[in-house]
Amino acid sequence: MKIGFIGLGNMGLPMALNLLKAGHEVIGFDLVKSQLDAFAAAGGAIAPNANATAKDAEIVFTMLPASKHVEGLYLGEHGLLVNANPETLLVDCSTISPKVAQAVATAAKEKGFTMIDAPVSGGTAGAQAGTLTFMVGGNPEDVERARPLLEKMGKNIFHAGVSGAGQTVKVCNNMLLGIQMLGTSEALRLGIANGMDPKVLSDIMSKSSGRNWALELYNPCPGVMENVPSSKGYAGGFGVDLMLKDLGLAVENAKNLEANIPLGKMAQHLYESHSKAGNGQLDFSSVFNLQKAD
Ligand code: NAD
């Protein structure tokens, strides 16, 4: 199958490489030359611009930083919706606002295209290993059309509902993750202040009602677990600024709908302070340090 892939960054490059490894013809584009070079070195074809990736492609994937990039690429007189063939299925995997995802999908439909939103969870490690979780919004038949390719990049493919539903799930999930990491850090800090060994505390809470993903699999306290960012100086993983972006989407989404998310707002505030203190590029579990006793 001929596939277009736009946005060959930290996530998009390994995802496109997995499609290539599965034997598909993949033509990619990115604004950054080093990303294009890395894709070409692995055998990918390079398009001269974004629209050229869609020429003759059955499916075009986009994996871009944020809502404004997705709007810019799809809409407007030089956008994909003007230049691509409406037979092409459009799949946006970026994490963006559900409202923007719905607006772009509606614009696509008006031009005769089918489009689905398919944001992911699993980070760069999941993108490399082809084990991402996809949360997909759109018509069931379009989701089924994309599924064989999504399965080459991910392990779990969920149809969440109508257009924008994939983004809604992603926003809810990451807001919960951000809050959970803060709560886990706070509980560990309190135990440590009481003289507890954080490993003993974590082991017991992991078998008690406080168990959660951050505690069990991504413990924020250095030394409790091997091979997690907290034991590697908080390098790698999912950056504080990426978490902040997703919390911003949650707060904006709640505002649009007049939904009440006091903990989401509090989490945004705390990650923001942590980022402003110079920690934006560290893994988000480094909020453990924000909660050090004064
Ligand atoms: P990134 O910044 O590494 O990659 C984005 C790429 O898009 C860049 O290489 C950039 O040059 C390119 N780009 C921007 N505008 C473009 C355009 N008009 N045409 C072509 N290329 C363009 O970001 P990333 O870490 O790969 O994340 C991509 C998306 O995935 C984001 O929405 C992010 O929130 C989401 N996400 C990231 C992670 C993660 O762990 N990094 C995890 C889950 C979801």
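1. Axes here are lines fitted to C-alpha atoms, for helices over the stretch in contact, and angles run from 0 to 180 degrees between N-to-C directions. Helices (H or I, at least four residues) and strands (E, at least two) are DSSP runs, numbered from the N terminus. The model is predicted: local features need pLDDT of at least 70, side-chain atom pairs count only at pLDDT 80 or more, and totals for chains, interfaces and linings use all residues. Residues are numbered from 1 along each chain as its sequence is written, and side-chain values use heavy atoms, with hydrogens and water left out.

2. Start with helix H9 (residues 165-193) and helix H10 (residues 198-206). Their axes come within 9 Å and cross at roughly 130 degrees. Ala187, Leu188, Gly191 and Ile192 of H9 meet Pro198, Leu201, Ser202 and Met205 of H10, where contact means heavy atoms within 4.5 Å.

3. Next, helix H12 (residues 240-257) and helix H13 (residues 262-279). They pack at about 150 degrees, with axes 9 Å apart. H12 is therefore roughly antiparallel to H13. Their crossing is left-handed. Among the contact residues are Leu244 and Leu247 of H12, and Tyr271 and His274 of H13.

4. Now the aromatic rings. Rings of Phe, Tyr and Trp (its six-membered ring) pair if their centres lie within 6.5 Å; planes under 30 degrees apart are stacked, over 60 edge-to-face, the rest tilted. The count by this rule is four aromatic pairs. Phe5 and Phe61 have ring centres 5.7 Å apart and planes at 20 degrees, so they are stacked. Phe5 lies in strand S1 (residues 2-6) and Phe61 in strand S4 (residues 59-62), so the pair ties together parts that are 56 residues apart in sequence. Both Phe5 and Phe61 are buried (under 20% relative accessible area; exposed is over 50%, partly exposed in between; 1.4 Å probe, protein chains only).

5. Trp213 and Tyr218 are also stacked, at 4.9 Å centre to centre and 20 degrees between planes. Trp213 is partly exposed, at 38% relative accessible area. Tyr218 is buried, at 13%. Ring pairs link Trp213, Tyr218, Phe238 and Phe284 into a cluster.

6. Last, a charge over a ring. Arg189 lies over the face of Phe288, 3.9 Å from the ring centre. The rule asks for NZ of Lys or CZ of Arg within 6 Å of the ring centre and within 35 degrees of the ring normal.

Note on methods
Angles under 35 degrees count as roughly parallel, over 145 as roughly antiparallel, 65 to 115 as roughly perpendicular and the rest as oblique. A crossing is left-handed if the near helix is turned anticlockwise from the far one by less than a right angle, and right-handed if clockwise.
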